[in-house]
Amino acid sequence: MNRFQGRLSLLFILTCLSTASLAQQTFTLERIIERAKSNSPFAKSAETRKENRYWAYRYFRTNYNPQLRLEGNLPFYYKSVQQIPQQDGTFRYIPVEQTNNNISLGLLQPIQWTGGTVSVNTGLRYFKDFNDQSNLAEQWSGTVMNVALSQPLFSFNQYRWDKRTEPLRYEESKRDYVEQMEGISREAAERFFNVIQAQSNLQIATFNLANNDTIYKIEQGRYNIGTTSKDKLLQVELGLLRSRQGVSEANLALETSRLQLRSFIGLNNDEDFQLILPEEIPVFDVNMQEALDYAKQNRADYIAFQRRRIEADREVAQARARRYPTTLTAAYGLNNNGLVMNDVYQNPTQQQQFNLTFSIPVLDWGRNKSFLKTAMANQKLNDYVISQEEVTFEQEIMTKVRQFEMQRLQIEITRQSDEVASERYNVAQNRYLIGKIDITDLNIALTEKDTAKRDYILALKNFWTAFYDLRGLTLFDFAARKLLYTPEL
């Protein structure tokens, strides 16, 4: 190794050692992704949305359970002066002081198969007039028991349709959560490699600065002894100035990318870190049909397609049911009143109710028909849109699989290109030192070396981002051969 090469190598080693000495933590790509999934604001938001959907589903489930309610107006006291009309048309103002309390207990059970409700109620009411001195000043009344049925006829059954869509919506939210976490993994890999690229660019810029500084001194010596021209010396000086600018720009880019990574993974500004380039890539095959099958089996989009078709059917059913709204109401109970509370429960009388309410449009100028036809047209449009989205989604899967296979091949090509370009630069550097080539040929070799290094890191970045894209699109880890989503999640 000559003195020129030794000087460059020593400077490069010192630069790496000074950088490593400042590092307090070393992160691999896997650790960065784990930290992003647990600490990033995006992960917290995904977790919150998942929790919201869980409680929304729990609320939906309670709609089918019996509801026991205790209601009342207790205590109720009223005192005022009121205007009381008399038989001769005049008015008298008399003081009124009363209490009128009531309490009721009711059990309501929805009937999910028919859309109606059945209820059982009992209640008690107490009235007292403090200004009345007669026996009727204090009275009790109540319903011992009342059973009521309210049943819509020929109408829309919300309970039945919700039972078809809400479980799908909840299942969709669970799968969407896993997809969001894979999206976070992909974004973390993107930012990880942004820092790696910035670190590499800084190392290249630092190396080039040292290289151009040494070349400038060599050219100065040659110019002084008359073996080179002023034009070549100025060319080398210009390269030195650009190298200094390149180091400043690379430092700024590195600080920016590191700050973006810190904010994404929730790392404090006081914590310094160093990243390890993941050159070891997993070896596995991705079958096109297998990827499509896993996507259809696991993705939230395919659950959403099914849910949206059911919702379109529901809109048609709702439009058809609104033409003849009819409700049947029936009730049977026992009630009574008395001067004391026990009188309410002594020989209560029957309380019965039966009525049928309906609203039939005799002449609506095609209003209901237009509403129904609109819903049916929207249903057809929805089917067309979903069919197109299914085709587009399958095409996206096939494109990603093909791109992924190309990325693996690209890594091998760029790795070999990096090695060849580095070796070619060493040869060109030695030939320049002995005067076999000029500075232009050396700069070409340097540029090719730098480009090859950048292309190699870019190929690694593209591979890992494509890897997590494929995981997010299929919810399947092809490297570990395991599902990323299971129903119990």
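This is a predicted model: local features need pLDDT of at least 70, side-chain atom pairs count only at pLDDT 80 or more; totals for chains, interfaces and linings use all residues.
I'm using "partly exposed" for a relative accessible area between the buried limit, under 20%, and the exposed one, over 50%. Arg481 comes out at 44%, so I put it down as partly exposed.

I stayed with Arg481 for a moment. It sits in the loop between β10 (476-477) and β11 (482-483), and its phi is near 55°, a positive value in a residue other than glycine. I noted that because most residues other than glycine have a negative phi.

Then I looked up Phe154, which also has a positive phi, about 55°, without being a glycine. I found Phe154 in the loop between β6 (138-153) and α4. Buried or exposed? Phe154 is exposed, at 65% relative accessible area.

Next I checked the peptide bond between Leu74 and Pro75. It is cis, with omega about -5°. I flagged it because most peptide bonds are trans. Leu74 is in the loop between β2 (67-73) and β3 (77-85), and Pro75 lies in the loop between β2 and β3 too. Leu74 is exposed, with a relative accessible area of 59%. What does Leu74 touch, leaving out residues up to four places away in sequence? I got Asn101 and Asn102. Leu74 and Asn101 are 27 residues apart in sequence, yet their C-alpha atoms are 5.2 Å apart.

**Helix α2**

I went through α2 (residues 29-39) for buried positions and wrote down Leu29, Ile32, Ile33, Arg35 and Ala36. Looking down the axis of α2, I see these buried residues within an arc of 165°, so they line one face of the helix. They pack against β1 (25-27), α3 (41-62), α4, α5 (230-265), β7 (273-275) and α10 (439-474).

**α4 against α9**

How do α4 (residues 158-224) and α9 (residues 367-433) cross? Their axes come within 12 Å, at roughly 20°. Angles under 35 degrees count as roughly parallel, and α4 and α9 are therefore roughly parallel to each other. I have the crossing as left-handed.

For the contact itself, I listed Phe207, Asn211, Ile215, Ile218, Glu219 and Arg222 on the α4 side, meeting Tyr425, Gln429, Tyr432 and Leu433 on the α9 side. I sorted the contact residues into six nonpolar, two polar and two charged.

From Asn426 to Lys482 I have 56 residues along the chain and 46 Å between C-alpha atoms.

Note on methods
Residues are numbered from 1 along each chain as its sequence is written. Side-chain values use heavy atoms; hydrogens and water are left out. Axes are lines fitted to C-alpha atoms, for helices over the stretch in contact, and angles run from 0 to 180 degrees between N-to-C directions. Helices (H or I, at least four residues) and strands (E, at least two) are DSSP runs, numbered from the N terminus. Angles under 35 degrees count as roughly parallel, over 145 as roughly antiparallel, 65 to 115 as roughly perpendicular and the rest as oblique. A crossing is left-handed if the near helix is turned anticlockwise from the far one by less than a right angle, and right-handed if clockwise. Contact means heavy atoms within 4.5 Å. Ala, Val, Leu, Ile, Met, Phe, Trp, Tyr, Cys and Pro count as nonpolar, Asp, Glu, Lys and Arg as charged, and the others, Gly among them, as polar. Buried means under 20% relative accessible area, exposed over 50%, partly exposed in between (1.4 Å probe, protein chains only). The arc is that of the directions from the helix axis to the C-beta atoms.
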